[in-house]
Every structure is written in C-alpha cells, then in structure tokens.
Amino acid sequence: MMTPVSTEDRVERDYQTYKSLLELWSKENPIKTTKLQVLLAVNALLVSAVNISGGITPGKWYVYLAGAVFSVIWVFSIGRTSLFQDVWQIKLADLRARHPGDPRFSILEVEDARRRARPMLRTFGAVSSKWYLLFSPLVFALAWLVILAVAVGG
C-alpha cells in the first residue's frame with residue numbers, strides 16, 4: 001500500500017529536482033562558450049591558411065567548402081546545446097510556478113537585480129548570447145559559400 005506524500009515531502013522533492021535542473025542548465029554555458037571559441041579559432045586558422053597560401057583562388061575550393069560545412073555543423077551543434085539549456089530553463093520555470101512563494105525556486109529570476117547593475121554592464125550585457133552563438137556560425141557558413149562562389153565563378 002502506498003502512503004500519501006505530504007506537501008512538505010513534495011516541496012522537498014521538487015526542490016531537489018530544481019537543483020538538478022539548475023546544475024544541468026548551468027553546465028551548458030561552458031559548453032556553448034567552448035563551441036563558440038573553437039568555431040572562431042577554426043575559422044581564423046582557415047582564413048590565415050587561405051591568406052598565407054596566396055589568397056582566394058579557385059584551386060582552394062575545398063577549403064572554402066570545408067569552412068562552410070564546418071560552420072553549418074556548428075550551427076546545429078550550438079543550437080542543440082542552446083535548445084537543451086532552454087528545456088532545462090522551461091522545466092525550472094514550471095517548478096517555480098508550482099512554488100511561487102518559495103525563494104529557493106526563483107534563483108534565475110534576476111530582472112530586478114539586472115536593473116540595478118551598473119549601466120555599462122547592462123549595455124554590453126543586453127544582447128542575449130543566443131544571438132551571437134547561433135548567428136556567428138551561420139554568418140561564417142554564408143561567408144565561406146560566398147567566397148566559394150566568387151573563387152569558382154570568378
């Protein structure tokens with residue numbers, strides 16, 4: 001026979017779930033940062049290699065294609081990491097909604113503190129990382145495709 005779960009037990013179980021989800025959510029940040037840094041480093045190396053080897057020429061079409069393909073893969077890779085971070089955050093918000101009066105469930109609610117942060121930090125920190133995380137590899141992919149088209153077609 002199952003015993004009924006007390007409200008206190010349910011709150012504690014939800015809080016343990018909240019802490020686990022918060023840890024999952026927070027672990028996605030360094031993964032996204034690393035993926036972005038590697039994207040930038042690889043593209044910088046490709047650009048340097050093209051420049052050192054005589055600039056944009058039709059014979060290096062495979063380098064331009066590789067840059068585009070790698071960058072498209074990064075779009076999906078960073079996108080997946082960002083997706084899971086959103087999933088964890090949605091689940092955290094659901095738990096918070098279940099316990100609106102319990103401050104332990106509102107650790108990610110930072111709007112009031114954000115408004116009180118120094119103006120320069122609010123300005124430079126205003127752009128969500130999702131914009132540059134997802135659009136950087138897309139811009140690189142498009143740039144490599146343009147270079148490929150110019151090199152092969154021109």
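A crossing is left-handed if the near helix is turned anticlockwise from the far one by less than a right angle, and right-handed if clockwise. I wrote that down before looking up how the helices pass one another.

**Entry 1: what I am reading.** I have a predicted model, in which local features need pLDDT of at least 70 and side-chain atom pairs count only at pLDDT 80 or more, while totals for chains, interfaces and linings use all residues. Residues are numbered from 1 along each chain as its sequence is written, and side-chain values use heavy atoms, with hydrogens and water left out. The helices (H or I, at least four residues) are DSSP runs numbered from the N terminus.

**Entry 2: helix α1 by itself.** I looked up the length of α1 and found 46 residues reaching 68 Å from the first C-alpha to the last, close to the 68 Å expected at 1.5 Å a residue; the expected span is 1.5 Å times one less than the number of residues. I then listed its buried residues (buried means under 20% relative accessible area, exposed over 50%, partly exposed in between, with a 1.4 Å probe and protein chains only). The buried residues of α1 are D14, Y15, Y18, L21, W25, E28, K32, L36, L39, N43, L46 and V50. I kept in mind that an α-helix has 3.6 residues a turn, so residues three or four places apart point the same way. What covers the buried residues of α1 includes α2 (61-98) and α5. After α1 comes G54, and I noted that its phi is positive, near 110°.

**Entry 3: α1 against α2.** I looked up this pair by axes, which are lines fitted to C-alpha atoms, for helices over the stretch in contact, with angles running from 0 to 180 degrees between N-to-C directions. The axes of α1 and α2 are 9 Å apart, and the two helices pack at an angle of about 165°. That makes α1 roughly antiparallel to α2, given that angles under 35 degrees count as roughly parallel, over 145 as roughly antiparallel, 65 to 115 as roughly perpendicular and the rest as oblique. The crossing of α1 and α2 is left-handed. For their contact (heavy atoms within 4.5 Å), I recorded 21 nonpolar, ten polar and six charged residues. In this classing, Ala, Val, Leu, Ile, Met, Phe, Trp, Tyr, Cys and Pro count as nonpolar, Asp, Glu, Lys and Arg as charged, and the others, Gly among them, as polar.

**Entry 4: α1 against α5.** Helix α1 (residues 7-52) and helix α5 (residues 129-153) have axes that come within 11 Å and cross at roughly 25°, which makes α1 roughly parallel to α5. I found that α1 passes α5 in a left-handed crossing. On the α1 side the contact is made by K32, L36, L39, L40, N43, L46, V47 and V50, and on the α5 side by S129, Y132, L133, S136, P137, F140 and W144. By class, these are eleven nonpolar, three polar and one charged residues.

**Entry 5: α2 against α5.** I found the axes of α2 and α5 8 Å apart and the packing angle about 165°; the two helices are therefore roughly antiparallel to each other. The crossing of α2 past α5 is again listed as left-handed. Their contact divides into 20 nonpolar, four polar and two charged residues.

Entry 6: I looked up A68, which lies in helix α2, and found it buried, with a relative accessible area of 3%. Leaving aside its neighbours within four places in sequence, A68 is in contact with A141, W144 and L145. The C-alpha atoms of A68 and V146 are separated by 9.4 Å, although the two are 78 residues apart along the chain. A66, also found in α2, counts as partly exposed at 23% relative accessibility, and its C-alpha is 8.4 Å from that of W144. V69 of α2 is partly exposed at 39%; V69 and F140 are 71 residues apart in sequence and 9.8 Å apart in space, C-alpha to C-alpha.

**Entry 7: two loop residues.** H99 lies in the loop between α2 and α3 (111-116), and at 11% relative accessibility H99 counts as buried. Apart from neighbours within four places in sequence, H99 is in contact with V11, D14 and F105. G125, in the loop between α4 (119-124) and α5, is exposed, with a relative accessible area of 55%. The C-alpha atoms of G125 and V139, 14 residues apart along the chain, are separated by 21 Å.
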